[in-house]
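Here is a short note to go with your first look at this structure. Please keep the view open as you read, and follow the points in order.

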Amino acid sequence: MLNIDKEKCTACGICVKVCPFDAMHLVNEKAEADEKCTLCGACLKVCPVDALSIERKRVDPSKFKDYKGVWVWAEHIDGQLRNVALELLGKGRELADKLGEPLGAVLLGHNVGKLPEVLIQHGADIVYVSDQELLAHYTTEAYTDVIAALIVTEKPNILLYGATANGRDLGPRIAARLILGLTADCTGLEIDDKRQLVQTRPAFGGNIMASILSPYTRPQMATVRPNVFKAPDPDTSRTGEIKNVDIKVNKAAVRTKIVETIIEIEEGALKVDEAEMVVTCGRGIKDPKNIEIVAELANELNAALGGSRPIVDQGWMKHHQQVGQSGRTIAPKLYIACGISGAIQHLVGMRTSDIIVAINNDPDAPIHTVSDVSIIGDLFKVVPALVKELKRVKAQK
Ligand SMILES: Cc1cc2nc3c(=O)[nH]c(=O)nc-3n(C[C@H](O)[C@H](O)[C@H](O)COP(=O)(O)OP(=O)(O)OC[C@H]3O[C@@H](n4cnc5c(N)ncnc54)[C@H](O)[C@@H]3O)c2cc1C
């Protein structure tokens, strides 16, 4: 329940302004909540005198059956859905079918256009749309307010977020607001025989895979990195329901605004987590000036250039180029690793690539255990030879 400390309340009225359900009122110069209050918590964070608090109790497991549906947060930037949202719809469809429950997509934004239809084509049965100017760009406060309120009213069973910068910000905020569990960076999601979501992720530095359950809270929530699951092909014949959500965001509730967007990746540069081909180098490169040798191979193939963590830690490449557990998870069609040993933390970020080529002069390097093609040799000889051959083939064409 919502507790209002009448001693502390100064009747400033901010909670009345931010309540997405018009449930807060000033009565006799004190705040009061009526029966429309959903305990979404939007008022708590804005009260300047901490007069409001919510006593949240764990959901009684006998009430879990009231929580239905698998939801995916449909993140988008500049009118373009993030690929990870589509990948999660693919996995979400599988989970929803196993549970016999609907698959929902949660779409927040302004002038969202045809995005609801695209989500339906990728597997959503219901798209919950909140289209308001204050949601035009992602902000932690506005997005948390709307999604938390939606969870409280609609009671989904599962909610999945892409482990993007924004997803990693939003998931924990909602978990903290509603006191829910959240598993970060899952690499596997399954339903067990008790209909619980089994959330698998690497633990202890990637040396074991942990299976995590949320037995006490609903919805069960997880973030998943891009490229862990494959996005389904769109089916233009699919139909679904578009539900406009009546949860208003008030300006007073949003204390941050986007002043400027700075794109870290140079214009035209291929991103390791989006490119079809990726060439990386590791400590075997020995000196930053040698990166040019590997960059030439990437250039000939029109592949993205990346590196292992030591290369990034030494400042030889940018963090967005790092492949692995604490970098990007990638699944390109072709992955060429030059002078990378294949530590577990590197492998978890690239082992789902379609074809893996390892160039390493140590025949016992672990990278060879996951590679389709192992070239045991000196990268300073092998890579220039590959570049030469590619140039020759191109010239012939
Ligand atoms: C919590 C945690 C998170 C981490 N996250 C990541 C991550 O995201 N990504 C990541 O990559 N690592 C990560 N690491 C680090 C990881 O454990 C390894 O230390 C790292 O991957 C090793 O990088 P490397 O393969 O480039 O270097 P090394 O292990 O030193 O391997 C260099 C390889 O180059 C070969 N070589 C040397 N000379 C040549 C030559 N002339 N020609 C051909 N081959 C040659 C060697 O045989 C060797 O196999 C993480 C570690 C921890 C603890």
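A word on names before the points: helices, of at least four residues, and strands, of at least two, are DSSP runs, numbered from the N terminus. Please also keep in mind that this is a predicted model.

1. Let us begin with helix H2, where Lys-91 and Glu-94 both lie, 3 residues apart, about one turn of the helix. Their side chains meet in a salt bridge, with 2.9 Å from N to O.

2. The structure holds 23 salt bridges. One of them joins the side chains of Asp-145 and Lys-45, at 3.1 Å from N to O. Asp-145 lies in helix H4 (residues 140-154) and Lys-45 in the loop between strand E3 (30-33) and strand E4 (52-54), so this pair ties together parts that are 100 residues apart in sequence. Asp-145 counts as buried, at 4% relative accessibility, whereas Lys-45 counts as partly exposed at 21%.

3. **Asp-145 and another partner.** The side chain of Asp-145 also meets that of Arg-177 in a salt bridge, at 3.0 Å from N to O. Here helix H4 holds Asp-145 and helix H5 holds Arg-177, so the pair ties together parts that are 32 residues apart in sequence. Arg-177 is buried, with a relative accessible area of 13%.

4. **A charged network.** Elsewhere, Arg-93, Asp-97, Asp-125 and Arg-238 are linked in a network of salt bridges. As background, side chains of opposite charge can pair when their charged atoms come close.

5. Please now find Arg-218, in the loop between strand E14 (208-212) and strand E15 (220-224). Arg-218 is buried yet has no salt bridge. How far away is the nearest side chain of opposite charge? That side chain belongs to Asp-192 and is 7.9 Å away; a salt bridge would need a side-chain nitrogen of Lys or Arg within 4 Å of a carboxyl oxygen of Asp or Glu. The side chain of Arg-218 does reach the backbone oxygen of Ser-214, at 2.8 Å. Leaving aside residues up to four places away in sequence, Arg-218 touches Phe-64, Tyr-67, Asn-157, Leu-180 and Gln-196.

6. **The sheet of 7 strands.** Next, trace the open sheet of 7 strands, whose order is E11-E15-E10-E5-E8-E9-E16, with parallel pairing.

7. Strand E5 (residues 70-73) and strand E10 (residues 158-162) pair in the parallel sense over 3 bridges, and Val-72 stands opposite Leu-160 in E10. Helix H2 (residues 83-99) packs on the sheet and touches E5, strand E8 (103-109), E10 and E15. The direction of H2 makes about 175° with that of E5. Helix H5 (residues 165-178) packs on the sheet too, touching E5, E10, E11 and E15; the direction of H5 makes about 150° with that of E10.

8. **A covered strand.** Strand E19 (residues 334-338) is mostly covered, with 5 of its 5 residues buried. **The neighbours of E19.** Strand E17 (residues 277-281) runs parallel to E19, joined by 5 bridges, and Cys-281 stands opposite Cys-338 in E19. E19 is also joined by 5 bridges to strand E20 (residues 355-360), again in parallel, with Ala-337 opposite Ala-358 in E20.

9. **A hairpin to finish.** Strand E2 (residues 24-27) and E3 pair in the antiparallel sense over 4 bridges, and Val-27 stands opposite Lys-30 in E3. How many residues lie between E2 and E3 in this hairpin? There are 2, and Asn-28 in the turn has a positive phi of about 50°.

Definitions and conventions:
Residues are numbered from 1 along each chain as its sequence is written. This is a predicted model: local features need pLDDT of at least 70, side-chain atom pairs count only at pLDDT 80 or more; totals for chains, interfaces and linings use all residues. Side-chain values use heavy atoms; hydrogens and water are left out. Buried means under 20% relative accessible area, exposed over 50%, partly exposed in between (1.4 Å probe, protein chains only). Lys and Arg count as positive and Asp and Glu as negative; His and the chain ends are not counted. A polar contact is a pair of N or O atoms within 3.5 Å; within protein, one must be able to donate a hydrogen and the other to accept it, and residues adjacent in sequence count only if both atoms are side-chain atoms. Contact means heavy atoms within 4.5 Å. Two strands pair if DSSP finds at least two bridges between them. Axes are lines fitted to C-alpha atoms, for helices over the stretch in contact, and angles run from 0 to 180 degrees between N-to-C directions.
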